[in-house]
Amino acid sequence: MSQQKTAEFDDLLKEDRSFPPPAEFARTAHVHDPAVYAQADRDPEAFWAAFAAELDWSRPWTRVLDWQPPHAQWFVGGQLNASVNCVDRHARGARRNKAAIIWEGEPGDTRTLTYFDLYREVSQFANVLKSLGVRKGDRVALYLPLIPELAIAMLACARIGAVHNVIFGGFSAESLRDRINDAQATLLVTADGGYRRGQIVPLKQVADEALQETPSIRHVVIVQRGDRSIPVHVMEGRDHWYHRLMQEASAKCDPEPMDAEDLLYILYTSGTTGKPKGIMHTTGGYLTGTYATTKLVFDLKDEDVYWCTADIGWVTGHSYVVYGPLANGATVLMYEGAPDWPDKDRFWALVEKYGVTIFYTAPTAIRAFMRWGTEWTARHDLSTLRLIGSVGEPINPEAWVWYYRVIGGERCPVVDTWWQTETGAIMITPLPGITTLRPGSASRPFPGITAEIRNERGETLEGAGGGLLVLTRPWPAMLRGIYGDPDRYVRQYWNRWGTDVYVTGDGAKRDADGNFWLLGRVDDVLNVAGHRIGTMEVESALVDHPSVAEAAVVGRAHEIKGQAIAAFVTLKEGQQPSKACADELKAHVAHKIGAIARPEDILFAADLPKTRSGKIMRRLLRDIAEGKALGDTTTLADPSVVARLKSQYEGQEG
Ligand code: PRX
């Protein structure tokens, strides 16, 4: 950005502006009365039950909530099926011929599925799964590009009561293997490949490597996404082509009635240990939470063309590409590829081509668009947009204002939505018809949600102040546990200040008007370009390399990605630091975990700074990585280690 532009934005921010809802937007918004907060607060169960009642249940619930902290059951006794709610009920009614999914592949190929098409394909694939022996409760791993078959496979699992476990297509063979094994999945759905920046990612080849050590897998279904140029090894008896199986499958498949608390899916996410956690979401509460938040936060209407750019491999894709919008009967745009392929205006070309009205993306993308400049946005008509959203990491006010002005045309409310894989649905967010927006603030908890800020002693701060963000009331879409590790669920989230206080792991401050400002993670979890990565995972990958003796990983501030991974490494005796070695270590991490975990910097050190009790001092390392002046080092066992490291890093940087 030019200096003049930067100065312009600085001035803007000094104004400390706030943005009340545009009158025209507020007039037609689902929520136009702030009384919704007080109503939900008085009787949160009634608030949620009213949304649950908008779904189709095959048996009504007898009790809205059974809360035995920290274990919640929502809509006890009720039965429903997620695929019926996302597909059948629309395919039966007035939305039968409405586009459910408009999909565009990176090379430009397109497909549109109406709700009736989706109904047929979901039912067919549900029959395919059954024919391959999948039964209610079985886990099915999905390792696919962003193609309609991924949504179809998820809904087909839901239809027969199988539990899907989606693994992001950018993960490595080892990451795929570990997730399959932890979930003990019996079937894997993958593809020959997917497109990313003009290249083919050969998913089946990666899967083949994983499949050498996944004894629970009995069958593999392969979607043919590519142009048949991708070599695919088909193991007789185990591997089957999706299109062949679909040809023979009937389009009639009775949905399995599921208890509200039956498992819908497992999704792995990074935590503070080296081992990702399988977050469990159940059927009734999750669907209610995603349905309600999609409707209110995005002010979703039948005419909308809704586009959430997230990959379905992450929770944002589960809740806001698949379940939330489809439960609402929306038209969902899905795009397979990168925002800068073939050019940096691809997203805006898509907005124009399909007349997108609601657009939901991540701050890291917004900062990249901002850097690329308005020549790309100016090429397209973005006037169909009426609401834009942000998710995944704190959005800095500069990026917020740019998004509001350049993408939203100063006409669209910006919803900055805070939530987590564990929360299942949006927790802190504006409601676009009533909230006065402040750039950089996610504003306040969604109706029915209670968030507090606590200090280190667990005391709740009233009014303005900063500390740790906690949630103090159960909510329908909350995680129900960690797959295979019930103790970790309690220890990780509900153990600090009583079993009824959910500790988010995020820091936050609240201003005098009651707005929440999210400050990022306070634990050893990084957020790199909106992707959650545990420092321990990266450290384990590094020490797995034969040259590495010890590693410490920290996140340093990064202009586009929010955080970048900086890894401090001590080499084994006889190994010499070099650029080649650094590159090799970066490649090693990418190979072990996936490209998203590739360190930005490798910093060789003779020693790592430790406290007298032997703990690595990450705060110091972060300061070194960010080039900041060093704080107190008196608790260090050997303060000279830090001084050496710092001067050495400054040398390496230059
Ligand atoms: O630190 C918060 C950040 O992302 C974390 C959750 O990551 P994940 O489970 O991968 O889910 C991402 C998509 C919901 C949170 O603990 N985060 C997410 N949204 C925001 C955010 N930080 C600030 N503002 C947000 N809007």
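**Exercises on a pocket, a sheet and a cavity**

The lining of the second largest pocket comprises, by class, 11 nonpolar, eight polar and seven charged residues, where Ala, Val, Leu, Ile, Met, Phe, Trp, Tyr, Cys and Pro are nonpolar, Asp, Glu, Lys and Arg charged, and the others, Gly among them, polar. The model is predicted, so that local features need pLDDT of at least 70 and side-chain atom pairs pLDDT 80 or more, while totals for chains, interfaces and linings use all residues. Residues are numbered from 1 along each chain as its sequence is written, and side-chain values use heavy atoms, without hydrogens and water.

**Exercise 1.** Describe the second largest pocket by its volume, its central residues and the elements that line it.

*Solution.* Step 1: the space in this pocket (an open set of 1 Å grid points with protein on both sides within 12 Å along at least five of seven lines) amounts to about 470 Å³. Step 2: 26 residues line the second largest pocket, and those closest to its centre are Tyr37, Arg444, Pro445, Gly514 and Phe516. Step 3: two or more lining residues come from each of helix 3 (35-42), strand 22 (444-445) and strand 23 (451-454). Step 4: strand 23 supplies the largest share of this lining, namely three residues.

**Exercise 2.** How many cavities of 30 Å³ or more does the count give, and what lines the largest cavity?

*Solution.* Step 1: the count comes to three cavities of 30 Å³ or more, a cavity being a set of points where a 1.4 Å probe fits but cannot get out. Step 2: the largest cavity has a volume of about 40 Å³. Step 3: the largest cavity is lined by Phe19, Pro20, Pro21, Pro22, Tyr404, Arg411, Cys412, Pro413 and Leu437. Step 4: sorted by class, this lining holds eight nonpolar, no polar and one charged residues.

Definitions and conventions. On a 1 Å grid over the protein atoms alone, a cavity is a set of points where a 1.4 Å probe fits but cannot get out, and a pocket is an open set with protein on both sides within 12 Å along at least five of seven lines; lining residues have an atom within 4 Å of a point. Grid points are joined across faces, edges and corners, and a volume is the space filled by probe spheres set on the points. Helices (H or I, at least four residues) and strands (E, at least two) are DSSP runs, numbered from the N terminus.
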